[in-house]
Amino acid sequence: MSVEYVKERIARAADGLYGRPAVSFEFFPPNNEQMEHTLWQSLQRLIPLQPRFVSVTYGADGSTRERTHDIVTRIQQTTSLTAAPHLTCVGASREEVLDIAHNYWEHGIRHIVALRGDPPQGASVYTPHPGGFPYALDLVKGLKSVADFEISVAAYPETHPEASSPAFDLDYLKAKIDAGAQRAITQFFFDPELFLRFRDRCAAAGISAAIVPGILPITRFPQMQRMAQRCGASVPDWLVHRFDGLDEDADTRRLIAAAFAIEQVQALQRHGVEEFHFYTLNRSELTYAICHALDVRPVAMQAVSA
């Protein structure tokens with residue numbers, strides 16, 4: 001993304017000329033019947049928004065491998081959506097990972113979100129599998145050796161918690177893009193300036209791939225704080241104050257969450273951002289409302305085969 005391109009987008013945004021942004025949604029594999037019902041209800045609600053793709057996460061230790069595969073192939077085969085499974089380096093040999101990739105390609109899956117993955121539960125430090133892909137860069141190269149997948153990778157506006165420095169983290173992101181990834185989806189963040197400064201640094205580093213902001217609608221504030229602590233995302237004091245005292249007031253909490261997220265995405269849109277990735281936590285309500293505010297409206301009603 002060139003500096004000139006960014007400036008042009010900002011100018012168009014200021015003139016009110018930006019159009020319907022592209023969106024994508026992330027889900028996770030349900031682990032019981034009720035959660036599965038909620039997942040498919042959410043998908044049905046969001047399908048008319050025609051997302052660019054929907055991704056499905058992969059357990060930290062590979063524990064959801066089969067469930068991820070089943071959900072992804074079902075989405076691909078029974079809906080109009082483009083499904084993109086997460087694939088990680090954790091808990092599998094190179095041969096196993098490449099077999100999974102071959103299987104996805106045979107099932108018509110053309111987009112993969114390639115990640116290093118988190119340490120398994122109970123482990124405090126990531127240790128590469130002795131016969132596996134050590135890191136996400138290696139995984140991207142391996143996937144490209146299988147087929148010409150569209151590949152999304154992770155990016156960290158506030159720097160990966162394990163990176164030795166912001167410069168190292170940015171260099172590593174560029175290496176993943178240079179290896180064949182077409183898109184970087186960021187970890188969630190709450191201050192738009194964090195993303196905008198990161199986007200500037202990516203442009204200055206010669207990264208031409210799309211840098212897509214990851215947006216987390218806040219459903220439960222304490223849960224979000226725990227997630228933020230694990231991934232190194234900062235939670236501003238003013239945001240804590242907005243949700244203070246609402247633990248037992250779900251209705252007001254949802255209103256505050258929707259209002260904040262709409263402020264966040266519209267601020268980004270005014271600065272030329274034209275693609276958003278939503279961490280839905282398998283719920284559709286907040287994501288749908290935010291997309292409505294972005295002028296991402298239903299295009300054609302379609303049903304999900306439940």
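Student: What should I know about the model before we start?

Tutor: It's a predicted model, where local features need pLDDT of at least 70, side-chain atom pairs count only at pLDDT 80 or more, and totals for chains, interfaces and linings use all residues. Residues are numbered from 1 along each chain as its sequence is written, and side-chain values use heavy atoms, with hydrogens and water left out.

Student: OK, cysteines. How many disulfides does the count come to?

Tutor: The count comes to 0, taking a disulfide as a pair of cysteine sulfur atoms within 2.5 Å.

Student: Now the inside. Which residues touch the most other members of the largest nonpolar core?

Tutor: Phe-25, Ile-75, Leu-143, Leu-173 and Phe-278, out of 64 residues in that core. A nonpolar core here is a set of buried Ala, Val, Leu, Ile, Met, Phe, Trp, Tyr and Cys residues joined through side-chain atoms within 4.5 Å.

Student: Pick Leu-173. What is it in contact with?

Tutor: Leaving aside neighbours within four places in sequence, Leu-173 is in contact with Val-153, Ala-154, Ala-155, Ala-184, Phe-198, Cys-202 and Ile-207. Contact means heavy atoms within 4.5 Å.

Student: Switching to helices. At what angle do H2 and H3 pack?

Tutor: About 35°, with the axes 13 Å apart; H2 is residues 33–46 and H3 is residues 65–78. Helices (H or I, at least four residues) and strands (E, at least two) are DSSP runs, numbered from the N terminus. The axes are lines fitted to C-alpha atoms, for helices over the stretch in contact, and angles run from 0 to 180 degrees between N-to-C directions.

Student: And which residues meet there?

Tutor: Glu-36, Leu-39, Trp-40 and Leu-43 from H2 meet Ile-71, Arg-74, Ile-75 and Thr-78 from H3. By class, that contact of H2 with H3 has 5 nonpolar, 1 polar and 2 charged residues. For those classes, Ala, Val, Leu, Ile, Met, Phe, Trp, Tyr, Cys and Pro count as nonpolar, Asp, Glu, Lys and Arg as charged, and the others, Gly among them, as polar.

Student: Next, Arg-116. Where does it lie?

Tutor: In the loop between strand S4 (111–115) and helix H5 (136–146). Arg-116 counts as buried, at 14% relative accessibility. Beyond four places in sequence, the contacts of Arg-116 include Cys-89, Tyr-126, His-160 and Glu-162.

Student: Which phi does Thr-159 have?

Tutor: A positive one of about 75°, although Thr-159 is not a glycine. Thr-159 is in the loop between strand S5 (150–155) and helix H6 (166–178), and it is buried at 16% relative accessible area.

Student: What about Asp-295?

Tutor: Asp-295 has a positive phi of about 70° and is not a glycine either. Its place is in the segment after helix H11 (285–293), and Asp-295 is partly exposed, at 46%.

Student: Last one: where is Trp-105?

Tutor: Trp-105 is in helix H4 (residues 94–106) and counts as partly exposed, at 29% relative accessibility. Not counting residues up to four places away in sequence, Trp-105 touches Arg-110, Ala-147, Asp-148 and Phe-149. The C-alpha atoms of Trp-105 and Val-146 are separated by 8.7 Å, though the two residues are 41 apart along the chain.

Methods
Buried means under 20% relative accessible area, exposed over 50%, partly exposed in between (1.4 Å probe, protein chains only).
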